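Thanks, everyone. I'll keep this brief. Please take a look at the model on the screen.

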Amino acid sequence: MNFKTIIVTAALSVTLLAHAAPASAQETATEAFAEIERAFGFVPSFFKVYPEHGVAAAWRLTRDLEISQTTELSAREKALINIAVAAQIPCQFCVFADTQAAKAAGATDGEIREAVAQAALTRHWSTIMNGMQVDFADFREEFGD
């Protein structure tokens, strides 16, 4: 199964899971692994290596924020943000997975390139302003505060 299929399957599964009762704070790693497998068709290795006592919370955060279809941002927007951030960290795992997710959610190659370039531009000016010790109060005044 390729990653694009996994993302689409997960999105559909999470939509169905969103209508189920929310996970309780007492959810175990075993229960989280079962839900992850229902969502993805398998348990990704990054969940398997996570400390067992934190798996349920890590899954809830991922499920409810990143892959939920009921958030303020679309799957496409979230994936584009994720690629841009992952390029800055850098995280090759995230860049790969989020590029697949972005494409599965309808993002174009041009949008992906622009998201990465926008992240680079932000990093560029942050480096200049911080390195040159631009006065923050002056900066805020210049931009209307």
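One term before we start: a residue is exposed when its relative accessible area is over 50%, and buried when that value is under 20%. Also, keep in mind that this is a predicted model.

Now the overall picture. The chain has 8 helices and 0 strands. Along the sequence, that reads α-α-α-α-α-α-α-α. There are 145 residues, and 28% of them count as buried. Take the contacts with a separation of 6 or more: 51% come from residues 24 or more positions apart. The accessible surface is about 9,800 Å², with 60% of that belonging to carbon and sulfur atoms.

Next, helix 2. Which residues of helix 2 are buried? They are A29, A32, E35, I36, A39 and F40. Looking down the helix axis, these buried residues fall within an arc of 125 degrees, so they line one face of helix 2. On the other side, T30 and R38 are exposed. Just after helix 2 comes G41, with a positive phi of about 90 degrees.

Last stop, the surface. L121, W125, I128, M132 and V134 make up a nonpolar patch there. Together they have about 480 Å² of accessible area. Where is M132? M132 sits in the loop between helix 7 (109-131) and helix 8 (136-142). Its relative accessibility is 62%, so M132 counts as exposed.

That's my tour. Over to you.

How values were computed
Residues numbered from 1 in each chain as written. Predicted model: local features only at pLDDT ≥ 70, side-chain atom pairs only at ≥ 80, totals over all residues. Heavy atoms only, no water. Patch = residues over 30% accessible without salt bridge, like charges linked within 9 Å, V, L, I, M, F, W, Y side chains within 5 Å. Areas by Shrake-Rupley, 256 points an atom, 1.4 Å probe, with all protein chains shown as cover. Salt bridge = Lys/Arg side-chain N within 4 Å of Asp/Glu carboxyl O. Helix = DSSP H or I, 4+ residues; strand = E, 2+ residues; numbered from the N terminus. Buried < 20%, exposed > 50% of the residue type's maximum accessible area, 1.4 Å probe, protein only. Arc of directions from axis to C-beta. Contact = heavy atoms within 4.5 Å.
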